[in-house]
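The following exercises are to be worked through with the sequence and the structure at hand. Each task is followed by a stepwise solution.

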Amino acid sequence: MADKAKFQAIKGVRDILPPESALWNSGEQTAREVFGTFGFAEIRLPIFEQTELFARSVGLDTDIVSKEMYTFEDHGHRDIEFARKFALNTERYLKPGYPFGMERFLQAVDAFVDAVEGAFSGDKSLESRANKEALLEIKQATSQMWPLVTPDGAVTNEDAFRSFAIRIVFRLQSFHFENLLTLRPEATASVVRAYIEHGMQVQPGNVKLYYMGPMFRRERPQKGRYRQFYQIGAEVLGTSDAPGIDAEVIEMLMTLFERLKLKGTILNINSIGDKNCRPAYVEKLRAEFEKVREQLGADSQRRIETNPLRVLDSKLEHEQAIIEKLPRIGENLCDDCRAHYAEVKRQLDLRGIRYQENWRLVRGLDYYMRTTFEITAPGLGSQNAVCGGGRYDGLVELLGGPAATKGIGFAIGTDRLILSLQEAGEGAAAGGPAGKAGGPDVYLAWFGAAAQTAAIGLAKRLRDAGFVVELPAVEMKFGKSLGLADRLRARHAVIVGDDELAAGIVTVKRLSDGAQQKLAEPGLMLYLRA
Ligand code: HAM
């Protein structure tokens with residue numbers, strides 16, 4: 001086969017092309033408008049963060065952290081690795097009878113210490129405990145070695161010098177300067193990190209933020225499931241955990257879906273308790289699972305140890321009957337959680353929001369507590385969750401922020417949102433440029449150098465007036481130019497040639513029916529507007 005295309009987008013990653021991209025833009029724009037009316041403002045977040053941020057918040061035993069993250073080592077500190085290797089190389093100066101001075105080893109170790117301390121001062125996150133200890137021991141040893149070096153570079157007590165050096169070499173060998181970064185698999189952790197980092201708790205009332213952009217998870221690609229996918233998310237952070245906040249966040253979501261004409265959505269809600277009542281429930285589940293361990297699949301068996309709640313998510317046919325008989329979280333909530341959940345439901349009722357209770361809705365991220373919810377939409381096949389969210393009081397504290405801070409939020413899967421709209425034929429109805437049938441308002445055909453000058457000026461004035469104008473960059477024969485106008489599906493061809501220039505008019509041809517007339521510029525504007 002001749003000349004095959006060499007590069008392709010990576011599996012699970014795709015290009016979003018026009019006209020579909022216009023639908024994305026209008027969906028995102030509608031989200032901005034709706035969220036704005038609820039007092040939310042946009043936060044723009046980095047695409048990568050320290051790996052540890054996600055490991056801690058999403059949780060080590062989750063699918064996301066244990067197998068789906070794109071993680072890489074930050075190569076910004078090659079100088080440290082270089083200094084470390086160089087210092088280890090100078091070990092040869094310590095050999096008896098080596099012709100150069102032993103102090104060269106010490107100089108190299110000092111250079112290494114400088115490099116590490118420089119990196120630490122630039123980025124506190126690099127200061128792991130092990131590294132700090134190693135550095136301290138190296139510095140203590142060198143401070144005792146320098147006095148053994150005489151001004152002419154000789155060493156007064158070579159045995160003592162060597163025994164300090166051995167400890168340093170050992171530390172240098174084990175020094176591991178690891179700085180792992182991860183492409184964000186979700187953004188709640190980043191929002192919380194930013195909230196803490198910028199001291200946002202001093203702001204009055206609740207901090208309400210939204211974000212949109214790509215997320216990365218190494219999942220098995222299929223319809224509605226990608227490795228680079230997009231989310232539109234929102235978070236509320238503050239000292240209140242009033243159930244009215246939960247309900248309002250859900251109301252905001254439903255308002256957006258309504259505005260986008262996304263029909264057939266189903267809201268599922270649940271409460272998964274808090275640190276007071278959940279542990280006992282989890283133990284209860286674990287005990288029940290132990291009784292039927294042999295009947296469970298491999299994944300569920302593993303989860304008996306790591307995270308029994310996640311077994312409730314199982315889609316395996318033969319596990320369903322077992323799961324249906326399990327004790328339910330709703331009957332095991334403490335009084336506070338029970339009251340919170342009841343009030344969330346009442347607040348949803350007050351807003352006229354319909355929901356289904358789903359006691360098996362536990363969600364795949366560790367930070368959730370109390371309210372969890374998911375929204376499904378039609379046309380998506382098995383990946384039908386278009387949005388997931390919940391309450392995560394305690395996450396701010398876990399990441400080092402003020403203990404009293406509460407949080408709740410959601411993320412919409414934008415890919416799935418658009419897919420569902422397209423499947424329902426709402427692609428064009430969603431408004432914005434996607435709603436227009438493609439081509440430019442005006443194809444501005446010009447003939448001759450003088451006409452080009454006039455056409456450039458006219459194109460500018462038409463665009464300033466808001467019309468979409470296609471202006472050929474090179475002169476074409478009349479037939480070819482008008483043929484291109486047709487193929488671009490332009491609504492009108494505006495023709496500027498010598499005759500038109502002389503008369504101070506243009507010829508306008510409506511391409512749908514060929515109707516033609518000659519107009520001066522003010523008339524042209526009026527005609528196009530009509
Ligand atoms: P999540 O349930 O992991 O929650 O993701 C939210 C939504 O993102 C899903 O319902 C789905 O629509 C979409 N999504 C997830 N993975 C993929 C994928 N591989 N391909 C396409 N779409 C996908 C979170 O991410 C939480 N941070 C939500 C949240 C915010 N909770 C509280 N605040």
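**Exercise 1.** What span should the 18 residues of helix α1 have at 1.5 Å a residue, and how far apart are its end C-alpha atoms?

*Solution.* The model is a predicted one. Helix α1 covers residues 20–37. The expected span is 1.5 Å times one less than the number of residues, so for helix α1 it comes to 26 Å. The end C-alpha atoms are 26 Å apart, which agrees with that expectation. Just after α1, glycine 39 adopts a positive phi of about 80°.

**Exercise 2.** Identify the buried residues of α1 and the elements that cover them.

*Solution.* Among the buried residues are Ala22, Leu23, Trp24, Ala31, Val34 and Phe35. Their cover includes strands β5 (207–216), β6 (228–238) and β11 (406–413), together with helices α9 (243–259) and α15 (414–423).

**Exercise 3.** Classify the ring pair of tryptophan 24 and tyrosine 230.

*Solution.* The structure holds 11 aromatic pairs. In this one, the ring centres are 5.3 Å apart and the planes meet at 80°; planes over 60 degrees apart count as edge-to-face, so the pair is edge-to-face. Because tryptophan 24 belongs to helix α1 and tyrosine 230 to strand β6, the pair ties together parts 206 residues apart in sequence. Both tryptophan 24 and tyrosine 230 are buried.

**Exercise 4.** Is tyrosine 367 buried or exposed?

*Solution.* Tyrosine 367 is located in the loop between β8 (356–357) and β9 (369–376). Its relative accessibility is 8%, so it counts as buried. Its side chain makes a polar contact of 3.2 Å with that of threonine 188.

Notes:
Residues numbered from 1 in each chain as written. Predicted model: local features only at pLDDT ≥ 70, side-chain atom pairs only at ≥ 80, totals over all residues. Heavy atoms only, no water. Helix = DSSP H or I, 4+ residues; strand = E, 2+ residues; numbered from the N terminus. Buried < 20%, exposed > 50% of the residue type's maximum accessible area, 1.4 Å probe, protein only. Contact = heavy atoms within 4.5 Å. Polar contact = N/O pair within 3.5 Å; in protein donor to acceptor, adjacent residues only side chain to side chain. Phe/Tyr/Trp six-rings, centres within 6.5 Å; stacked < 30°, edge-to-face > 60°.
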